[in-house]
Amino acid sequence: MEENQLKTVKKGRFAPSPTGRMHLGNVYTALISWLSAKKGGGKWLLRIEDLDPQRSKTEHALMIEDDLHWLGLDWDEGGTEERGDRGPYSQSHRSGIYASYLDRLRATGLTYPCFCTRADILSTQAPHQSDGRVIYGGRCRPASLPCLIPEPGRTHSTRLFIPDEETVFTDMVYGEQRIHLARECGDFVVQRSDGAWAYQLAVVVDDALMGVTEVVRGNDLLLSAAQQLYLYRLLDLEAPTFAHLPLICNSEGRRLSKRDASLSMAELRKHYSAEYITGYTAFLAGLLPAAMPCRPDELIELFDWNKIQPRDSICINDKFI
């Protein structure tokens with residue numbers, strides 16, 4: 001089947017990294033993605049993004065699945081049980097697929113070997129962004145295109161040449177976005193020097209081949225959407241629509257992480273019902289006027305993207321009140 005024939009129905013996805021227990025921010029993203037897919041009469045896919053072998057663990061993936069089941073956010077495709085016919089649904093089992101698409105990128109003449117260490121990049125890069133992002137300064141960038149074939153026998157990452165142009169797309173929450181990747185990102189890595197696959201390449205290939213039509217995630221990944229749209233174009237793959245959500249932050253204004261133990265599902269399940277967590281999350285999203293217990297299926301008819309406000313973040317009390 002051709003890649004562009006896969007997207008026959010609306011399909012959302014949730015793609016957690018199994019590096020620990022989910023927190024309330026993950027639940028927020030999962031719920032909105034699930035509701036949008038179901039409101040559109042579509043399907044919802046669960047993909048395990050375990051590209052990092054040091055931090056990813058099967059037991060964490062199983063805990064994520066157990067938390068989703070407990071909340072009532074069941075998936076139609078994917079998961080560790082490999083439900084569906086477009087797997088594998090764990091990225092650690094898809095290396096051969098990524099390699100074939102890297103070959104496609106190489107054929108464009110726009111990839112090149114980068115021999116820089118992290119210290120090299122930090123010493124020669126363009127200035128840091130306010131969020132700590134590192135912008136590659138172009139030390140190994142070839143002077144002309146097409147780029148050269150990597151030198152054999154030398155360890156290197158593979159970078160992608162970024163043109164001096166603007167990427168324009170419409171986000172379902174934040175509206176029109178104009179991102180100049182050369183200035184805001186620089187040439188980015190598609191395969192690391194240790195052979196690991198970069199997130200940008202893996203997620204584009206996976207979403208395209210799995211028929212994902214809608215990507216819902218935090219607004220910290222708005223820049224990634226522009227990078228991914230560039231990859232979709234080079235690989236001649238159909239891009240999904242994007243919806244980026246305000247980040248859930250703790251009382252100090254920091255986005256939630258696994259350090260916020262009081263807002264992890266391990267703690268929340270000790271003190272609250274699944275219905276209360278769902279209702280509270282729906283309240284944060286603007287779907288309910290107040291926090292009240294409810295099941296995900298009771299929210300489907302209430303869901304409307306116009307209710308999701310394009311704020312930078314949503315700060316909550318660490319006590320989950």
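This is a predicted model: local features need pLDDT of at least 70, side-chain atom pairs count only at pLDDT 80 or more; totals for chains, interfaces and linings use all residues.
**Exercise 1.** Do the classification for Asp 236, and locate the residue.

*Solution.* Step 1: the relative accessibility of Asp 236 is 68%. Step 2: the cut-off for exposed is over 50%, so Asp 236 is exposed. Step 3: Asp 236 belongs to the loop between α7 (222-235) and β10 (241-245). Step 4: phi is again positive at about 55°, and Asp 236 is not a glycine.

**Exercise 2.** Describe how α3 and α6 are arranged, and which residues meet.

*Solution.* Step 1: the axes of α3 (residues 95-107) and α6 (residues 199-209) come within 10 Å and cross at roughly 105°. Step 2: angles of 65 to 115 degrees count as roughly perpendicular, and the two helices are therefore roughly perpendicular to each other. Step 3: from α3, Ile 97, Tyr 98, Tyr 101, Leu 102 and Leu 105 meet Leu 201, Ala 202, Val 205, Asp 206 and Leu 209 of α6. Step 4: the contact residues divide into 9 nonpolar, no polar and 1 charged.

**Exercise 3.** Locate the cis peptide bond that joins Leu 145 and Pro 146.

*Solution.* Step 1: omega of this bond is about 0°. Step 2: Pro 146 lies in the loop between α4 (118-124) and β5 (157-160).

How values were computed
Residues are numbered from 1 along each chain as its sequence is written. Side-chain values use heavy atoms; hydrogens and water are left out. Axes are lines fitted to C-alpha atoms, for helices over the stretch in contact, and angles run from 0 to 180 degrees between N-to-C directions. Helices (H or I, at least four residues) and strands (E, at least two) are DSSP runs, numbered from the N terminus. Angles under 35 degrees count as roughly parallel, over 145 as roughly antiparallel, 65 to 115 as roughly perpendicular and the rest as oblique. Contact means heavy atoms within 4.5 Å. Ala, Val, Leu, Ile, Met, Phe, Trp, Tyr, Cys and Pro count as nonpolar, Asp, Glu, Lys and Arg as charged, and the others, Gly among them, as polar. Buried means under 20% relative accessible area, exposed over 50%, partly exposed in between (1.4 Å probe, protein chains only).
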